[in-house]
Amino acid sequence: MNKLGIGFLMLVALLLPEMASAAVGIDAITVTSNPKGGETYTVTIQILALMTMLTLLPALLLSMTAFTRIMIVLGLLRQAIGAAQAPSNQVLLGLSLFLTIFIMMPVLEKVNETAVQPYMEEKIDALTALQRASEPFKQFMLKQTREADLDTFVRISGRQQIDKPEDVPFSLLVPAYVTSELKTAFQIGFLIFLPFLVIDLVVASVLMSMGMMMLSPMIVSLPFKIMLFVLADGWTLVLEMLAASFYV
């Protein structure tokens, strides 16, 4: 076991007494004695539901937040520059995650105010808290989703025409939202590619006119593209454009 795992176990051991003395929450395991003197251990339905939700967190992050558009645009930007692994995937993931949190902060604050805090204060039950928490995300997704994409999935599902956007179920809204995000991300990526493509064409034309057939244009154009991107403060411009492209 590595040092991180040992440290985590020590932290859990230190927190167990405090957790035991805290307010009673959801029972994790129920022990039932049977007539033969044995014991049966049963995991509660709430814990199973919670564990299932934890496994769905990555999918929720990709399909209900700004993460998809940001990650695709940054990946296309790296390809447009021509740098194979600079910045690395870990850097792009971290930047996309924190920019997603920044963009989604008004939605998260509303969820915390209307659902999390009342539930923690035991003013509402879990089902009501879940319904209240879904509303800000639904409004955010509706603002980014194109009507054409939404109508497409309504038609595919065989449902009747929905009168109000608020009546759209999540089973239709999530795929329509992801489809709109993919289209928007590739549109932004196309605009990002254009100036770098011009540099590649200019460099390739110069090399052809000089008769340097064996020299790869990518090797020559890469320093010029990096210099252009840095002089134009490209990272700030791209991140600012991404943040402004969302309707919150």
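In which helix is the place of Met-53? Met-53 sits in helix α2, which covers residues 45–64. The model is predicted, so local features were taken only at pLDDT of at least 70 and side-chain atom pairs only at pLDDT 80 or more, while totals for chains, interfaces and linings use all residues. Residues are numbered from 1 along each chain as its sequence is written, and side-chain values use heavy atoms, with hydrogens and water left out.

The chain contains nine helices and two strands, where helices (H or I, at least four residues) and strands (E, at least two) are DSSP runs numbered from the N terminus. Their order along the sequence is α-β-β-α-α-α-α-α-α-α-α. Of the 248 residues, 28% are buried (under 20% relative accessible area, with exposed over 50% and partly exposed in between; 1.4 Å probe, protein chains only).

Met-53 has a relative accessibility of 42% and therefore counts as partly exposed. Together with Leu-54, Leu-56, Leu-57 and Leu-60, Met-53 makes a nonpolar surface patch of about 430 Å². Such a patch is made of residues with over 30% relative accessible area and no salt bridge, nonpolar side chains (Val, Leu, Ile, Met, Phe, Trp, Tyr) being joined within 5 Å.

Two salt bridges are present (a side-chain nitrogen of Lys or Arg within 4 Å of a carboxyl oxygen of Asp or Glu). In one, Arg-69 pairs with Glu-181, with 2.6 Å between the closest N and O atoms. Because Arg-69 belongs to helix α3 (residues 67–81) and Glu-181 to helix α7 (residues 170–209), this pair ties together parts that are 112 residues apart in sequence. Arg-69 is buried at 2% relative accessible area, and Glu-181 is buried at 0%.

Lys-225 and Asp-200 form a salt bridge with an N to O distance of 3.3 Å. This pair links distant parts of the chain, 25 residues apart, with Lys-225 in helix α8 (residues 217–231) and Asp-200 in helix α7. Lys-225 is buried at 1% relative accessible area, and Asp-200, at 18%, also counts as buried.

The second largest pocket has a volume of about 230 Å³. A pocket is an open set of points on a 1 Å grid where a 1.4 Å probe fits, with protein on both sides within 12 Å along at least five of seven lines; lining residues have an atom within 4 Å of a point. Its lining comprises 13 residues, of which Glu-147, Leu-150, Asp-151, Pro-165 and Val-168 are the closest to the centre. Helix α6 (residues 147–157) supplies the largest share of this lining, four residues.

Methods:
Points joined across faces, edges and corners; volume = space filled by probe spheres on them. Patch = residues over 30% accessible without salt bridge, like charges linked within 9 Å, V, L, I, M, F, W, Y side chains within 5 Å. Areas by Shrake-Rupley, 256 points an atom, 1.4 Å probe, with all protein chains shown as cover.
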